[in-house]
Amino acid sequence: MSALNPFTIAQQQFDEAAARLDLTPARREFLRWPMREYHFTLPILMENGSTRVFRGFRVQYNTARGPAKGGIRWHARETIDTVRALAFWMTWKCAVVDLPLGGAKGGIVCNPRELSVNEKERLARAYVRAIAGELGVHRDIPAPDVNTTPQIMAWSMDEYEALLGESHPGVITGKPLAIGGSVGRENATSFGGMCIIREVDNLLGVRFERARYAIQGFGNVGGGLAALLHEADGHVVAISAEDAAYYNDRGIDIPKAIQHYEQNHHHLSGFDGGEEITNEELLTCDCEILVPAAIEHVLTNRNAPNVQAKVIVELANGPTTPEADRVFQERGIVVIPDILANAGGVTVSYFEAVQNAYNYYWTVENVRTELDRRLTAAFQNVHRMSREHGVDHRTAAYMLSIARVAKACELRGWA
Ligand code: NAD
């Protein structure tokens, strides 16, 4: 985590877009802050017989458009500011794709690598017990995020149902398929990224089939996108994980890279399909489309002047600082913002909750068709807003989503 306060950056992005909207000062102030925050302590019996106290958070940023929605992260450096910023982004992300949901995020300060399976289960259940009164299909619906898995969602759902004595699969999404998960969830964010890339191609005239892609991060999202691009004959010239990055102007052999990554416990070092470069060099390498799909704040005012891509598709959350954004704008580099580009995951989470609500399950074709329809409409609305107001795509995406949330607040008589 960088020293930049993520929630301060989030508020700066809000202020820039909100200044262009006709919001009352009270409504603007209301939307700059979370509506509710919960902080709790979780005493957990450890394998060695001791009890350790973990800290947890849940931030319900805004619920004007529907129940709060957002993942739970387990991270050693989790802070309330990270959780606030991520809950803020969830609010605008749900609104930009027009999902009838609000935004939330949760976190536990822990290093999951140090926890046994039993300790993880106790922690997941303790988190739900601490916040159960505030969760529910009509209140707040968590999901997996950094370091949380479908298994952790399964324990969480089970704890909630045990407390209520009823079946409530829709209280949490990202569940395993066998207990109410949705097909198509595992690569929904990458598939959504592909839909966005196709729209960029159609509207901005970037020749998809000739474009060269550089992808930072080779996990669920970055690796998933690389696999889909490979299936579509896309030309991926650079890939990276935390430990190593590789460049090959003839194109990386993606199936080989995936095999290497899986066989080496999610490491890329030692891959022999390209020239080894640094993660920093990947961001400024010779390519048309750059896809940050790892962590936040990697594109800064230090490297933004050297970025060679024409388009940046933000599949990671918050990869670009506001200063770098200004550099990209000056240089005519198009940035498709995270709240639009990586909305595929939350959209399929919404589909999962819908399927749970009527206890009838879709095919993967249904999921992909609906996801494509929603993301395409969202991209076109944001692009139109950007043209009409002469603003970049991030500002346009915020303007669209803030206006939608503000309208819901107004109709409810809030602020
Ligand atoms: P993941 O843990 O599966 O993969 C992360 C990848 O990034 C790994 O390959 C890791 O080695 C690499 N990485 C970590 N630190 C790095 C560093 N300092 N430099 C370069 N690479 C680094 O995570 P994921 O689910 O693929 O998520 C990636 C990003 O996408 C995150 O920002 C996440 O918030 C965002 N996101 C994920 C989803 C989803 O559905 N998984 C949805 C929306 C947004």
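The report starts with the ligand and then turns to pockets, cavities and rings.

This is a predicted model, in which local features need pLDDT of at least 70, side-chain atom pairs count only at pLDDT 80 or more, and totals for chains, interfaces and linings use all residues. Residues are numbered from 1 along each chain as its sequence is written, and side-chain values use heavy atoms, with hydrogens and water left out.

**Ligand site**

The ligand is surrounded by 19 residues, each with a heavy atom within 4 Å of it. The closest are Thr 189, Asn 220, Val 221, Glu 242 and Tyr 261. By class, the shell has nine nonpolar, eight polar and two charged residues. Here Ala, Val, Leu, Ile, Met, Phe, Trp, Tyr, Cys and Pro count as nonpolar, Asp, Glu, Lys and Arg as charged, and the others, Gly among them, as polar.

| Backbone atom of | Distance to a ligand oxygen atom |
|---|---|
| Gly 219 | 3.3 Å |
| Ala 294 | 3.1 Å |
| Leu 315 | 3.3 Å |

A polar contact is a pair of N or O atoms within 3.5 Å. On its own, the ligand has 840 Å² of accessible area, and the protein covers 74% of that (Shrake-Rupley method, 1.4 Å probe).

**Pocket and cavity**

Both terms rest on a 1 Å grid over the protein atoms alone: a 1.4 Å probe fits in a cavity but cannot get out, while a pocket is an open set with protein on both sides within 12 Å along at least five of seven lines. Lining residues have an atom within 4 Å of a point. A volume is the space filled by probe spheres set on the points.

The second largest pocket holds about 270 Å³ of space. It has 15 lining residues; Val 137, Gly 170, Ala 353, Val 354 and Ala 357 are the closest to its centre. Helix α12 (residues 344-358) gives the largest share of this lining, five residues. The lining counts ten nonpolar, five polar and no charged residues.

How many cavities of 30 Å³ or more does the structure hold? There is one. The largest cavity has a volume of about 50 Å³. Its lining includes Ile 72, Trp 74 and Tyr 127. Eight lining residues are nonpolar, two are polar and none is charged.

**Aromatic pairs**

The structure holds 16 aromatic pairs (ring centres within 6.5 Å; planes under 30 degrees apart are stacked, over 60 edge-to-face, the rest tilted). One of them, Phe 88 with Tyr 398, is tilted, at 6.1 Å centre to centre and 35° between the planes. Phe 88 lies in helix α3 (residues 80-96) and Tyr 398 in helix α14 (residues 393-412), so this pair ties together parts 310 residues apart in sequence. Helices are DSSP runs (H or I, at least four residues), numbered from the N terminus.

Conventions
Polar contact = N/O pair within 3.5 Å; in protein donor to acceptor, adjacent residues only side chain to side chain. Helix = DSSP H or I, 4+ residues; strand = E, 2+ residues; numbered from the N terminus. Phe/Tyr/Trp six-rings, centres within 6.5 Å; stacked < 30°, edge-to-face > 60°.
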